Amino acid sequence: MADNKITILGAGLSALSIAYHLDGDDYVIYEKDNVVGGHCRTKEREGFFFDYGGHIFYPKQAYVKQLVTDLLAENCRESAREAWIYSYDTYTRYPFQANLFGLPTDVVKDCLAGLHDAQVKQAECQSDEPPSDFLDFIYKTFGEGIAKHFMIPFNNKHWRVPLDQITLDWMGKFLPRPSFEKTLEGSLSQSEACIGQNSIFMYPKRGGIQIVCDKFAERVNPVHFNSEVTEIDVENKTFTINGKDVVSYDTLISTLPLPVVVDCLKDVPKEVEEAVAKLRWNDLYVVSVTVDKPVLTEKHRLYVSSPDLIFHKLAFFSSYAPEMSPAGKSAVSAEVVHSKEHHVDMATVEERVVADLKKMDIIAEDDKIMFTDVINMPYAYAIYDSNRSECVAIIRDYLASKDVFCEGRYGEWAYQNMEQNIAKGKEVAERLNALIG
Ligand SMILES: Cc1cc2nc3c(=O)[nH]c(=O)nc-3n(C[C@H](O)[C@H](O)[C@H](O)COP(=O)(O)OP(=O)(O)OC[C@H]3O[C@@H](n4cnc5c(N)ncnc54)[C@H](O)[C@@H]3O)c2cc1C
């Protein structure tokens with residue numbers, strides 16, 4: 001049925017980019033949902049648009065930037081990111097480590113003294129050992145004060161596993177490391193602009209981040225929607241959709257999460273079974289609260305470190321683009337991590353988010369809440385523990401030996417962003433183009 005075709009599983013951004021960059025149209029795409037976008041999606045409800053987790057697009061590669069600029073055309077806006085931290089009842093600019101201005105004096109003193117000590121130790125080569133894990137990295141890079149007052153409580157909420165179990169290979173450019181002078185400067189006055197890799201970002205004027213995926217989808221073969229892959233028979237090169245329709249394949253490119261793919265296999269080698277059992281990840285609830293008032297804040301994002309508040313991040317989509325909410329209304333979306341190891345009850349999460357937004361005075365007692373909404377995002381964040389890289393290699397190598405190639409954020413089981421999905425999708429397609437000729 002599918003001779004010589006490339007079969008792509010999933011219709012998230014990675015799959016769409018692969019399809020877009022393939023030569024010709026001899027490929028098919030199967031997606032379990034009835035819409036493209038996967039984790040990079042937007043939900044519309046009663047005129048409000050909520051991304052699946054606050055997405056901003058900040059490509060550095062000229063090719064990717066140009067491609068998305070062309071795809072979005074007049075529906076594209078560039079904005080200076082307004083990312084802030086909430087701690088000690090104070091709002092400071094992101095990143096915490098460069099913007100201590102406004103925090104209680106004792107906190108600023110602790111942070112500066114700790115950073116100074118850490119940097120002196122590094123300069124004296126007393127800590128020439130590379131950090132052994134993420135917790136050690138935090139202490140060695142930022143010192144005890146920044147560790148205690150922000151980095152540890154925030155990352156505890158974000159990862160929900162002990163930080164000394166997290167390795168360093170996910171971080172790359174994700175954590176800005178300002179000099180001592182920069183931190184000192186940022187503790188004496190409020191800086192006017194954000195620093196860091198994504199200080200200017202692109203975002204659709206209308207329709208949310210979904211539009212990036214929709215625009216790709218307009219340029220690839222029609223996707224087979226509502227087609228959940230439930231079984232893969234790697235020996236006979238077939239897979240089953242929705243438990244009944246059997247389809248043959250030649251080359252299978254999967255962008256599904258690795259545990260989902262392995263679950264679809266029969267007779268998995270013990271080594272692969274054991275590897276997949278060791279993978280850890282966090283799921284995410286995105287809880288949105290809509291309010292009958294025009295503006296909650298001009299901020300785009302808030303990082304929240306206090307252990308007493310259930311969410312670690314807030315996104316204000318009406319500030320990303322006014323068209324994300326009906327005129328005169330606004331919304332806030334809270335990200336709440338949950339997992340097998342850290343259970344959060346979906347039945348009560350909305351109520352808990354509203355209560356905590358009130359504690360922070362983001363929502364006032366007399367504000368009229370129109371409705372609340374919750375999106376569950378399974379497999380949001382792969383956890384980089386000491387097993388991850390070996391287990392991922394075992395699983396991917398086995399599957400590749402059976403002509404199943406796992407790609408994308410959840411096929412590589414990696415902390416990738418949209419730019420990487422697009423760029424890597426192009427690379428995968430180019431390899432396939434060369435192979436098929
Ligand atoms: C909370 C959050 C915030 C983020 N914020 C940003 C940001 O600000 N900026 C940025 O650049 N990136 C951000 N990212 C990263 C970005 O969302 C991802 O890199 C991207 O969505 C991954 O795309 P993908 O195609 O690799 O995977 P996915 O989007 O997961 O695509 C996989 C597809 O496979 C489908 N599927 C799953 N199982 C089956 C099955 N059995 N059969 C058929 N289909 C199936 C899914 O429905 C999905 O459509 C964020 C990610 C998260 C989770």
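Colleague: Where does Leu-296 lie?

Modeller: Leu-296 is found in the loop between strand S13 (281-291) and strand S14 (301-304). Helices (H or I, at least four residues) and strands (E, at least two) are DSSP runs numbered from the N terminus. This is a predicted model, in which local features need pLDDT of at least 70 and side-chain atom pairs count only at pLDDT 80 or more, while totals for chains, interfaces and linings use all residues. Residues are numbered from 1 along each chain as its sequence is written.

Colleague: Is Leu-296 buried or exposed?

Modeller: A residue is buried if 20 or more other C-beta atoms lie within 10 Å of its own, exposed if 12 or fewer, and partly exposed in between, with C-beta atoms placed from the backbone. Leu-296 is buried because 22 other C-beta atoms lie within 10 Å.

Colleague: Which residues does Leu-296 touch, not counting residues up to four places away in sequence?

Modeller: Residues are in contact if their C-beta atoms, placed from the backbone, lie within 7 Å. With residues up to four places away in sequence left out, Leu-296 touches Val-291, Phe-316, Ser-330, Val-332 and Ile-362. Leu-296 and Phe-316 are 20 residues apart along the chain, and their C-alpha atoms are separated by 7.9 Å.

Colleague: Where is Leu-103, and how many C-beta neighbours does it have inside 10 Å?

Modeller: The loop between strand S7 (90-93) and helix H3 (105-123) holds Leu-103. Leu-103 counts as buried because it has 23 C-beta neighbours inside 10 Å. Not counting residues up to four places away in sequence, its contacts are Tyr-88, Thr-90, Thr-92 and Val-108. Pro-95 also has its place in the loop between S7 and H3.

Colleague: What kind of peptide bond joins Tyr-94 and Pro-95?

Modeller: Most peptide bonds are trans, and most residues other than glycine have a negative phi. Tyr-94 and Pro-95 are joined by a cis peptide bond, with omega about -5°.

Colleague: What is the phi of Trp-413?

Modeller: Phi of Trp-413 is near 55°, a positive value in a residue other than glycine. Trp-413 sits in the loop between H12 and H13, and it is buried, since 24 other C-beta atoms lie within 10 Å. Arg-160 also has a positive phi, near 55°; with 18 C-beta neighbours inside 10 Å, Arg-160 counts as partly exposed.

Colleague: At what angle do the axes of helix H2 and helix H6 cross?

Modeller: Two packed helices are described by the angle between their axes and the distance between the axes. Axes are lines fitted to C-alpha atoms, for helices over the stretch in contact, and angles run from 0 to 180 degrees between N-to-C directions. The axes of H2 (residues 62-72) and H6 (residues 210-217) cross at roughly 85° and come within 9 Å. H2 and H6 are therefore roughly perpendicular to each other (under 35 degrees is roughly parallel, over 145 roughly antiparallel, 65 to 115 roughly perpendicular, the rest oblique). Val-68, Leu-71 and Leu-72 of H2 make the contact with Ile-211, Val-212, Lys-215 and Phe-216 of H6.

Colleague: How many residues of H6 are buried?

Modeller: Seven of the eight residues of H6 are buried. Those buried residues pack against H1, strand S3 (42-45), H2 and strand S8 (200-204).

Colleague: Which residues come nearest to the ligand?

Modeller: A residue is near a molecule or strand if its C-beta atom, placed from the backbone, lies within 6 Å of it. Of the 34 residues around the ligand, Gly-10, Gly-12, Gly-38, Gly-53 and Gly-408 come nearest. Elements giving two or more residues to this shell are helix H1 (13-21), strand S17 (369-382), helix H12 (408-411) and helix H13 (418-436).

Notes:
Two residues are in contact if their C-beta atoms, placed from the backbone, lie within 7 Å.
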